[in-house]
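Biologist: I have a structure open and would like to go through it with you. Can we start with the terms?

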Amino acid sequence: MKSQRTLRTALFVLLAISTVLFTGAALAQDMPPLPGELIVGDLSAPRAIAFDDEGNLLVAVAGSGGEVTMTMASPEGESEMSIGMTGKIISVAPDGTVTDVIGAMPSYAAPMETMGVYRAIPHGDSLWVLYSGGGPATTGAFWQDSIVELDPATLAVKHIINMNPIETELDPDGNGYDSNVADIAWTADGALLIVDAGSNALFSWTAEGGIEVVAAWPSNDVPTSVEVADNGDIYVGFLGAGIAPGAGKVERWSNGELAETFGGLTAVTDVLVDGETVYAVEMFLFGEQGPGPGDVLMLSADGNTVVAGGLIAPFGLAKGPDGSIYVSFGTVAFAPGMTGGVVKLAPAM
């Protein structure tokens, strides 16, 4: 099994190290100040964010588990997991009103990380929902490493792309079964690009033609995010093998070939392409005392620029209709009871 290479297990390893450093820091006053305006807070494991055509901010919230408990086995040993229906997708209107788009989604909370709803991305006349991970009861089912296309008005299901049988059949990195769907994006011709952190692969899917492998990374680079630029170039972000300092990166692919690599990064969880500007999230950084707060970077061949630092476990990026950059934080709890939210970054000076 290659599950030690998935994003969710990498997060577990990170948190096992980090909890010692952050013990006692659960209170808000002990956390670094936010580098901007808090848009929504008190969220349990917020993941990716996106804006719809009406300017509403959609946030995928993995949740806090629930009242059912079970013992889970993993390469790191046994741990208790709480299971419940606390995952959700919320919408934050321009006036700040928060509503549930979809509530009561399965949430699987291990001691240091929660698995569940991962991304909610509006595209055309559909809402695309990614659900990553889950317990054994959901293996191969709707909620296990799947991409679901929904009608946003009725929530009727249009398509379900379950990555588990695809990984079982294709095994693109050649390292055995593991699936951990991470992100999607669209090419100009309407094909859906899919990165799977467990498969270490980039896929292309159409309803008519099905799925095919675009690229694979057998060295366990753990792709976590994908974006398509206006000129058709594809950007892929990577957590990095072993979540080691400097092992993360962002690759730019052009006309099917690797054209550029922004290396030396750490734990990249999301990428945003805004015209000719490329942003990336580093979920944490290593200091003298070990892993600590992460940041948002603007990438350049001439060197990277920190747009916002001091974020506790940042995860997802989005550009708002006001032109500002938004980022989710607190995606994993460095201390018991810690929650997260979304912040609008202060304009660069």
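Modeller: Buried means under 20% relative accessible area, exposed means over 50%, and partly exposed lies in between. By that rule aspartate 274, at 24% relative accessibility, counts as partly exposed. Keep in mind that this is a predicted model.

Biologist: Okay. How much of the protein is buried?

Modeller: Buried residues account for 54% of the 349 residues.

Biologist: And the surface, what does that come to?

Modeller: The accessible surface is about 14300 Å², and 53% of it belongs to carbon and sulfur atoms.

Biologist: How many helices and strands are there?

Modeller: The protein has two helices and 27 strands.

Biologist: What about contacts across the sequence?

Modeller: Take the contacts between residues at least 6 apart in sequence: 47% of them join residues at least 24 apart.

Biologist: Back to aspartate 274. Which residue does it form a salt bridge with?

Modeller: Its partner is lysine 319, and the closest N and O atoms are 2.9 Å apart.

Biologist: Is lysine 319 buried or partly exposed?

Modeller: Lysine 319 counts as partly exposed, because its relative accessibility is 37%.

Biologist: How many salt bridges turn up in the whole structure?

Modeller: A search finds ten. One of them joins arginine 119 and aspartate 270, with 3.5 Å between the closest N and O atoms. That pair links distant parts of the chain: arginine 119 belongs to strand E7 (residues 114-123), aspartate 270 belongs to strand E19 (residues 268-274), and the two are 151 residues apart.

Biologist: Why does arginine 119 count as buried?

Modeller: Because its relative accessible area is 3%, and the cut-off for buried is under 20%. Aspartate 270 is buried as well, with a relative accessibility of 3%.

Biologist: What does arginine 252 pair with?

Modeller: Arginine 252 meets glutamate 260 in a salt bridge, at 2.9 Å from N to O. Arginine 252 has a relative accessible area of 17%, so this residue is buried. Glutamate 260 is at 23% and therefore counts as partly exposed.

Biologist: Last topic. Which residues are linked in a network of salt bridges?

Modeller: Glu37, Asp322 and Lys344 are linked in such a network.

Definitions and conventions
Residues are numbered from 1 along each chain as its sequence is written. This is a predicted model: local features need pLDDT of at least 70, side-chain atom pairs count only at pLDDT 80 or more; totals for chains, interfaces and linings use all residues. Side-chain values use heavy atoms; hydrogens and water are left out. Helices (H or I, at least four residues) and strands (E, at least two) are DSSP runs, numbered from the N terminus. Buried means under 20% relative accessible area, exposed over 50%, partly exposed in between (1.4 Å probe, protein chains only). Contact means heavy atoms within 4.5 Å. Accessible areas come from the Shrake-Rupley method with a 1.4 Å probe; for residues, only the protein chains shown count as cover. A salt bridge is a side-chain nitrogen of Lys or Arg within 4 Å of a carboxyl oxygen of Asp or Glu.
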